[in-house]
Amino acid sequence: MYRLLIPEQMSMRRSSSRVAYGMLVCLVCCCFASGQSSESPSEIEELVVTGSRIERNELSSTTPIVKIEVDEIKWQGTVRVEDALRQMPQIWSRQNAGHSYGATGTATLDLRNLGAARTLFLINGRRMPAGSPLQEAGGADMNQVPGSLINRIEVLTGGASTTYGSDAVSGVVNFIMDDKFQGVNFDFQHSFYRHSNGSADIHKIVEASGFEVADEPMRDGEITQYSLTLGGNLLNGGNIVAFATYRDIKAISQAARDYSSCALNNTADACWGSSTIPEGRVTNFQNADTIGFDYKVDGSSFVPRAGTLFNYGPSNYFQRPDERVSFGTLANSDVSENTNVFAEFLFADDHTLTQIAPSGAFFVTDSLFCGNPFLSEQQYSLLTMDRLNPDQVATLDEFLSGLSIDAQREYLDSAFCQNKVDDYIDLFIGRRNVEGGSRQHDLRHTSVRSVAGLTHIINENLDIEIYGQRSLVSMENNYLNDIGITKIRRSLDATRDAQGNIVCRSVLDGSDLSCVPWNIFQTGGVTEEAINYLIHPLFARGTTEQKILHAHMKAEMESAGWKMPFANDSIIVVLGAEHRREKLDFQPDEGFLKGEGAGQGGATNAVTGSYSVAEIFSEASIPLLEGKALLKNLHFDTSYRYSDYSNGNKTHTWGTRLGWSVSDQLSFRASAQHAVRSANVRELFNPHGFHQFDMSADPCAGPIEADGKTGSGYTFQQCALTGVTQAHWGNIQHSPAAQYNYLRGGNPDLSPEKSVTILVGMVYQPDLLTGLSLSADFYDIKIEDGISVVTPEFTITECLNGDLSRCAKVKRNALRGDLWIGTEVQSSGHVEGIIDNLAVERVRGIDVISSYTIYTERFGSINLEGNIGYIISWEQQELSTTPKVECQGLYGGVCNSPTPDYRHNIRATWSFPWDMVASAMWRHIGETKGENSINVTLDAIDYLDLAVRYDFGANYQLSIGVNNVFDTPPPVAGNAAGSTFAGNGNIFPGNYDGFGQYIYVGLGVHF
């Protein structure tokens, strides 16, 4: 499972463009000029070492690296790479197969819960490209990794910007491929999920709301994968490996799990939903004590809505259906006794589909023609002053007495229907388009990654590596079953033509001859023709492109006499240069550009941007002392990187590390490094547009309590700072779906964020317990000028507490004071959240990795392995001027997705003497509490996984396993598990086993 890798150090590089290009030319010249040397060794071996380009064959590494063997991936039975990694205590998952609303179709991971953009992912020590041009896809896409070809995974859990450049702030995950495979290997695996749906508490909650609950055991979410690998050695030395994989994943809907049978409320003890209902909601969002009304359609009448909500959860996908085809080849060949050329080609095509509740008219109209011919007489009457009772009339008269005659007329004309000829009334309509079916987001990402290069040994002390790399990700983005905002407005503006036929006004004036009236004022009145007119498919295409030219030279300085007085080994130096170009292009269609999709939350703008960076880097490994008492080995490593970005930013990154081997049994290590991360293309260039964020309630909305405060406990004076007027006070509506608007986008003026990482650790292998290895490492990562968006809810709270600079970011609707109705940036209420250099984050913790093997002659061997992650503190400051929030053990609000302070994986593997191996793993996730107003605690949870593997002779292998043996359900957070916190279906599927038991069977054939 988790091994203590015999790693190395950290390296470095950076460059000004001219120096970098010059260095590349020099290295290329050295390579070809030295090709005739007869003194070079006859064999070249490529050794990939995560964290450094200097190989060291001893346990006293200066950098903690966790090595995940391919067996561990097989024991989990996972065919998704992200599933194999997200169970590690050091890794978090946000975009994953359990993400539907807001999903990008990619799978991203990150170390230390510091964000995908701060974790660098490599294949064979070389960068992976940005996974998608979509904004939320902030890192590499795990769907691009050829899982069937993985030899091992090395996870460096500290910063490594000096070695690999920007993005390696929190660490590196390096997928090392089996590029020496020989033979033919065919693997087949079939798996599925099973859940009993036996929670009595959940059943009571859902049934009390009148919704259907999943009450039968479910077997679903089938996953099938076929993979073929062929490889062999070349006659002149070297190897070529080719592979092909097909994977098919079936959907799981939220209707199939009891805990997601309805959307739960803020306290997870009752169902709620959306007020955009299939019956149709008609309201003016005013206080019902005065002139307010809130109706729904029943037959041909308006009746009080009385809190009716739509259960939007069941149709959402829990696990997205997904189909992936991948293939590629890895090859290397000795073209001479000193030179080896290598090439990699990887192709992946991943096609997935998200599904969420049907679209609708989400209050995108603010008026209605009083003469709409679909209105019954009863409905028309309730839109006039006839609906007012005597108390309301008196209240209205008192209000009107303070207005001028013209103002009175204007107010009455907008608040009530006066006639059916030419009058309009101010009101809003929320009507779910259930007849049109669920919204579906069809996403396809096709990626191609190619590498070509060579390694050359100049002499026994000097070798170089040069390679070029190009990666291209192409995305197709089709949004289906949404309806158009302009079409909604036109189809609701119905009238009669000269012949008495009901038509759209846009047909009469010629602005839209295809318009079909939408009869939502009568139950069953919607026609298929109206649906076909309203449906507005949306399309977008985009690409991300990465080009890299890299060269480095490694020199053992023995011939130059560079050796410390008390050391046996000489100093090793690496010098190198790299040029990298990143480009993003995203081109949405006119519907996206104009924000026509009613279910999109706002316009999606085009973006094209690129940047390049030229870098020089160096690292040195300096043995200080060897062979002394209590100083078996003492070595010092240092690294540096200089980067020159095309946007004018120039950065310096450095690292120092010290390794001390007391003996063969005990060693210590310590390191300090300054890392930087320059903004990526999305952060620099993404256009500004509306998105939605989860907030349980607007603190200034709702009725006023007896103490003169809102239900959230705020006074008018405080709420006035956010833009609330006296007319708004007590009349502002909460968003029924607990989703609010915020304006988000990139910032081309971003500066690089900075971080300092301190690591101190030890490795122990006692002679008294042969087979035991133990490492413990303390880490402290602090990020300043963090590239981030201030949490919108935090912005509101800080404003209420008197921070006027935050108040400028809160833009309430001038008429209603809300923050959620509408999609127009200029007029709709929202919170501004443009990305900037804002945050201060600091995480400190301890990782403990252990392995112990017991050998017996009669019963085989038993191996015990553990990976423990403990977070001492996880501090988040939205702004450097605001107080720290301790997020360890919390979720929601500023703290975002759950950050349990303790997690562990402990595996026991028994290798029997009769060709069978059995394994069991205990996974533990600690308790997580809600931050501030979130009152739901996610209890600590334990999982047991069991697996067995049997070899039939030398060629066949059968694997069977069950993860989450006891079908332990995930902790339920309710509405607090919103999509902006990486939640879905009332839970956090990236943190917990979201779908129940996972059962798999696999067959491998090898020749």
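Which exposed residues does the face of α5 turned away from its buried side carry? The structure is a predicted model, in which local features need pLDDT of at least 70, side-chain atom pairs count only at pLDDT 80 or more, and totals for chains, interfaces and linings use all residues. Residues are numbered from 1 along each chain as its sequence is written, and side-chain values use heavy atoms, with hydrogens and water left out.

Helix α5 spans residues 200-208. Helices (H or I, at least four residues) and strands (E, at least two) are DSSP runs, numbered from the N terminus. Buried means under 20% relative accessible area, exposed means over 50%, and partly exposed lies in between (1.4 Å probe, protein chains only). In α5, Ile 202, His 203, Ile 205 and Val 206 are buried. They lie on the same side of α5 because they cover an arc of only 165 degrees around the axis. The arc is that of the directions from the helix axis to the C-beta atoms. An α-helix has 3.6 residues a turn, so residues three or four places apart point the same way. The face turned away from the buried side carries Asp 201, Lys 204 and Ala 208, which are exposed.

Salt bridges were examined next. A salt bridge is a side-chain nitrogen of Lys or Arg within 4 Å of a carboxyl oxygen of Asp or Glu. Side chains of opposite charge can pair when their charged atoms come close. The structure holds 49 salt bridges. One of them joins Lys 67 and Glu 69, at 3.5 Å from N to O. Lys 67 has 18% relative accessibility and therefore counts as buried. Arg 80 and Asp 83 meet at 2.8 Å, N to O. Both residues of the Arg 80 and Asp 83 pair are buried.

Asp 294 and Arg 305 also form a salt bridge, at 3.1 Å from N to O. This pair links distant parts of the chain, its members being eleven residues apart. Asp 294 sits in strand β16 (residues 294-298), and Arg 305 in the loop between β17 (301-304) and β18 (317-319). Asp 294 is partly exposed, at 25% relative accessible area. Arg 305 is buried, at 10%. A network of salt bridges links Arg 118, Arg 677, Glu 683, Glu 753 and Glu 841.

Patches are made of residues with over 30% relative accessible area and no salt bridge; like charges are joined within 9 Å, and nonpolar side chains (Val, Leu, Ile, Met, Phe, Trp, Tyr) within 5 Å. Asp 366, Glu 410, Asp 413, Asp 422 and Asp 426 form a negative surface patch. Asp 366 belongs to the loop between β21 (360-362) and β22 (367-369).

Separations in sequence and space were then compared for selected residues. Val 172 lies in strand β8 (residues 171-177). Val 172 is buried, with a relative accessible area of 0%. Its C-alpha atom is 28 Å from that of Ser 570, 398 residues apart along the chain. Gly 147 occupies the loop between β6 (126-127) and β7 (150-156). Gly 147 is partly exposed, at 30% relative accessible area. Gly 147 and Met 385 are 238 residues apart in sequence, and their C-alpha atoms are 68 Å apart. Ser 663 is found in the loop between β33 (650-661) and β34 (666-677). Ser 663 is partly exposed, at 28% relative accessible area. Ser 663 and Lys 632 are 31 residues apart in sequence and 5.5 Å apart in space, C-alpha to C-alpha.

Terms used: Accessible areas come from the Shrake-Rupley method with a 1.4 Å probe; for residues, only the protein chains shown count as cover. Lys and Arg count as positive and Asp and Glu as negative; His and the chain ends are not counted. The place of a charge is taken as NZ of Lys, CZ of Arg, CG of Asp or CD of Glu.
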